[in-house]
Amino acid sequence: MKGTPARARRWATAALSVLALTAVAACGGGNDGSSSSSGSADKADLTWQFWIGGTEDQAAWQKVADQAHTDHSGITVKLQGTDWNSYWSKIGTLLASGKAPCIIGMQSLRTASYASAMLPLDDLMKKYGLKAEDFDKPIMDGLKVDGKQIAIPYDSGPMVIFYNKDMFKAAGIPDPKPGWTMDEFKAAAKKLTAAGKTGLVTAPGDLGVTSWVRTQTGAEPLADGKLNLTDPKFEEGFQGYTDFVRTDKIAPQVPAGNTDFETTQFVSGKSAMQLNGPWSLIDTMGKVKFDLGIVPIPAGPDGSKTYTAGSGFGISRSCKTPDAAFQAIQSMTSEKPLTTLAAAGRAYPARTAAHPAWFTAAKIPEAKEVIDYASENSVALVTSKNWVQVADLLSRFGTQALNGEIPPDQALKTIQDQAGAGS
């Protein structure tokens, strides 16, 4: 998936915002007293900045915000939102200015890039009795930077394979099970690639690429906090990933400028499998006209390996009432609102007590077995401070590698050289 010029400009703005954050942190800034809140620990008017998909989305998330007022009569939370693509440049600018809202939506893959302007929450967790063990461990780890908790998660999930059960049945292929191998996956994908359809659809997104590399060779994108994309094992895994398109011909080439290609291809029935996360499952079920199944990512030489990602809520360093903001976040990530989100299909909840509601809503018999298996073989994708740039470069040069325009190892070297080692 190659970004459009407009998308490239948004990423460039986000990258500049991250650089500004670094400068603010170096100067000891980001805590100048500016804030979008007023009040005390028990009485405060707070603003929450988050990514919003539209009017219906706004209403659903405002109900989450209202849980804070239900639990703490003196605390109110007002939701401000923008679309996902615009969110990161906007929040980076606000955080760098020292005038960010108190409560900030944060995604695990981007946490390292913005952590310098966020308040570590460990002391507040201890003060107000929020227990880390009540949440899925991989996503709690994914929202940490340098061992400090930067955000409290509302959703999480390991990457898994969505597949078209009708296409599998028509091709005479049994439904795959946890523990299936890479050879079994490729054999199925090749058999499903016929009559203008493909066994797989993929794109060079950071979470997808790294998950495929990890299961094929065990390689990680970072070593000691630094980019490690030119490590031979990572190159080997990335080559195997690009070969799905280049040589195996089990996935279509990725068109430039179409950010929805992967989902559209799968939902329309043109590709039989797609790597995705449980947060998308119920939404996908509502769009497809076939029987949808899920299965863990296939096992490489050392078994099935994948990554967990997710999102949560943190507090800006400029917040005047961090205690009130934390109490609001504690309410917003409590069992009741996360159960409601799960039942509505808006999130696979990070809080374990809310899991049953999601499995009930999913209505897929194998869902629990698959998610449990994938979670056991998952770790958080911990990223570097320059990951915003890495993700953008991977989208651009990864597309070229998938389509056979440049060698895979050259793509990785270019990404690492242009992004820098990171930290």
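# A guided look at strands and helices

Guide: Let's start with a pair of facing residues: in strand β3, the bridge partner of Trp51 is Thr82. Keep in mind that this is a predicted model.

Visitor: In which sense do β2 and β3 pair, and over how many bridges?

Guide: Strand β2 (residues 44-51) and strand β3 (residues 75-82) pair in the parallel sense, over eight bridges.

Visitor: Is β2 mostly covered or mostly open?

Guide: Mostly covered, since seven of the eight residues in β2 are buried.

Visitor: What about strand β7: how many of its residues are buried?

Guide: Buried here means under 20% relative accessible area. In β7 (residues 151-155), five of the five residues are buried, so the strand is largely enclosed by the rest of the structure. β7 pairs with strand β14 (residues 311-315) in the antiparallel sense, over four bridges. To find that pairing in the view, look for Asp155, which stands opposite Ser311 in β14.

Visitor: How do I read a sheet with several strands? In what order do β11, β8 and β12 come?

Guide: Read across the sheet, strand by strand. This open sheet has three strands in the order β11-β8-β12, with antiparallel pairing. β11 (273-276) and β12 (292-296) are at the edges with a single partner strand each, so one side of each has no neighbour in the sheet. From one strand to the next, the twist averages 30 degrees. Strand β8 (residues 160-164) is joined to β12 by five bridges, and Tyr163 stands opposite Gly293 in β12.

Visitor: Now the helices. What span does helix α3 reach, and what is expected?

Guide: Compare the distance between its end C-alpha atoms with the expected value. Helix α3 (residues 84-97) has 14 residues and reaches 20 Å from its first C-alpha to its last, close to the 20 Å expected at 1.5 Å a residue. Its buried residues include Tyr87, Trp88, Ile91 and Leu95.

Visitor: Which residue follows α3?

Guide: Gly98 does, and its phi is positive, near 80 degrees.

Visitor: How do α9 and α10 cross?

Guide: Look at both the angle and the handedness. The axes of helix α9 (residues 206-217) and helix α10 (residues 232-246) come within 8 Å and cross at roughly 115 degrees. An angle of 65 to 115 degrees counts as roughly perpendicular, and α9 and α10 are therefore roughly perpendicular to each other. Their crossing is right-handed.

Visitor: Which residues of α9 meet α10?

Guide: Val209, Thr210, Trp212, Val213, Gln216 and Thr217 in α9 do, and the residues they meet in α10 include Phe234, Phe238, Tyr241 and Phe244.

Key:
Residues numbered from 1 in each chain as written. Predicted model: local features only at pLDDT ≥ 70, side-chain atom pairs only at ≥ 80, totals over all residues. Heavy atoms only, no water. Buried < 20%, exposed > 50% of the residue type's maximum accessible area, 1.4 Å probe, protein only. Helix = DSSP H or I, 4+ residues; strand = E, 2+ residues; numbered from the N terminus. Pairing = 2+ DSSP bridges. Expected span 1.5 Å × (residues − 1). Axes fitted to C-alpha atoms, helices over the stretch in contact; angles between N-to-C directions. Parallel < 35°, antiparallel > 145°, perpendicular 65-115°, else oblique. Left-handed = near helix turned anticlockwise from the far one by under 90°. Contact = heavy atoms within 4.5 Å.
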